[in-house]
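Student: I have a structure open and a list of words I keep meeting. Can we test each word against the values?

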Amino acid sequence: MIDHREARDRMVETQIETRDVRDPRVLEALRTIPRHRFIPEDNQDLAYRDGPVAIGEGQTISQPYIVALMTEALCIVPGMRILEIGTGSGYQTAILRALGARVFSIEIRPNLAARAAKVLHEIGAGDAHLAVGNGFDGLPEHAPYDRIIVTASPSAIPTQLVEQMQVNG
């Protein structure tokens, strides 16, 4: 049986800290949030490896280092309003919540959004605002945002997202 706490600690030590992610709050969030819970049971043994893992519908949960790097780059201060494009598994959402962000997340795939909402609720991060829709439209009804994180790969920065960003966001 896998000791998930030990696996998370090892993941942070060998995959994150060795690549110069230094924000202690980000490191603690990665040590605390149970990444395996955001992965379908048949792939949970891969949860703490150095790579993305399939979550269904042709999608993956991002590599832990990428989650850490993107999160650290946001320079989150508790209470910040963050728009997340691409909820996916909900893992990034949970990390952002652990840092005290007010998270508004949008996912285009209803089944993934429903599963993410369930897991987020189960781990105590269910207060994130989740929506189903095209992330490139953003969530203008909740704008402006202090930060926007895009976990999808648009060919260009969607104008609608820029318009929803706070000045100096």
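Tutor: Start with a cut-off: buried means under 20% relative accessible area, and exposed means over 50%. Keep in mind that this is a predicted model.

Student: Why is His36 called buried?

Tutor: Set the value against the cut-off. His36 has 10% relative accessibility. Buried means under 20%. So His36 counts as buried.

Student: Where is His36 in the chain?

Tutor: His36 sits in the loop between α2 and β1.

Student: What makes the pairing of His36 with Tyr48 a polar contact?

Tutor: The distance between the two side chains is 2.7 Å. A polar contact needs N or O atoms within 3.5 Å, one able to donate a hydrogen and the other to accept it. The side chains of His36 and His4 also make a polar contact, at 3.4 Å. Beyond its close sequence neighbours, His36 is in contact with His4, Arg8, Gln44, Ala47 and Tyr48.

Student: How do you know that Ile39 is buried?

Tutor: Its relative accessibility is 0%. The cut-off is under 20%. Therefore Ile39 counts as buried. Ile39 also lies in the loop between α2 and β1.

Student: Which residues touch Ile39, leaving aside neighbours within four places in sequence?

Tutor: They are Gln44, Ala47, Val53, Ala54, Ile61 and Arg115. Two of these names come back in the strands: Val53 has Ile61 in β2 as its bridge partner.

Student: What makes β1 and β2 a pair?

Tutor: Count the bridges. Three bridges join β1 to β2. A pair needs at least two. So the two strands pair. They run antiparallel.

Student: What stands out about phi at Glu57?

Tutor: Phi of Glu57 is near 55 degrees, which is positive, and the residue is not glycine. Glu57 lies in the loop between β1 and β2. That hairpin has two residues between its strands.

Student: Why is Glu57 called partly exposed?

Tutor: Its relative accessible area is 41%. Under 20% would be buried, over 50% exposed, and partly exposed is in between. So Glu57 is partly exposed.

Student: How do you know that Asn168 is exposed?

Tutor: Its relative accessible area is 76%. Exposed means over 50%. So Asn168 is exposed. Asn168 is in the segment after α6. Its phi is positive too, near 70 degrees, again in a residue other than glycine.

Student: Now the helices. Which residues of α1 are buried?

Tutor: Ala7, Arg8, Met11, Val12, Gln15 and Ile16 are buried in α1. They cover an arc of only 135 degrees around the axis, so they are on the same side of α1. An α-helix has 3.6 residues a turn, so residues three or four places apart point the same way.

Student: What covers those residues of α1?

Tutor: The cover includes α2, α3 and α4.

Student: What makes Asp3 a cap for α1?

Tutor: A side-chain oxygen of Asp3 lies 3.2 Å from the backbone nitrogen of Arg5. Asp3 caps the N-terminal end.

Student: How long is α5, and what span is expected?

Tutor: Helix α5 has 13 residues and reaches 18 Å from first C-alpha to last. That is close to the 18 Å expected at 1.5 Å a residue.

Student: Which residues of α5 are buried, and which are exposed on the other side?

Tutor: Leu112, Ala113, Ala116, Val119 and Leu120 are buried. The buried residues pack against β1, β2, α4, β4 and β5.

Student: Which residues have the most contacts inside the largest nonpolar core?

Tutor: That core has 37 residues, and those with the most contacts inside it are Ile16, Leu30, Phe38, Tyr91 and Leu96. Apart from it lies another core, of nine residues, among them Ile106, Tyr145, Ile148 and Leu161.

Key:
Residues numbered from 1 in each chain as written. Predicted model: local features only at pLDDT ≥ 70, side-chain atom pairs only at ≥ 80, totals over all residues. Heavy atoms only, no water. Buried < 20%, exposed > 50% of the residue type's maximum accessible area, 1.4 Å probe, protein only. Helix = DSSP H or I, 4+ residues; strand = E, 2+ residues; numbered from the N terminus. Arc of directions from axis to C-beta. Contact = heavy atoms within 4.5 Å. Expected span 1.5 Å × (residues − 1). Core = buried A, V, L, I, M, F, W, Y, C linked by side-chain atoms within 4.5 Å.
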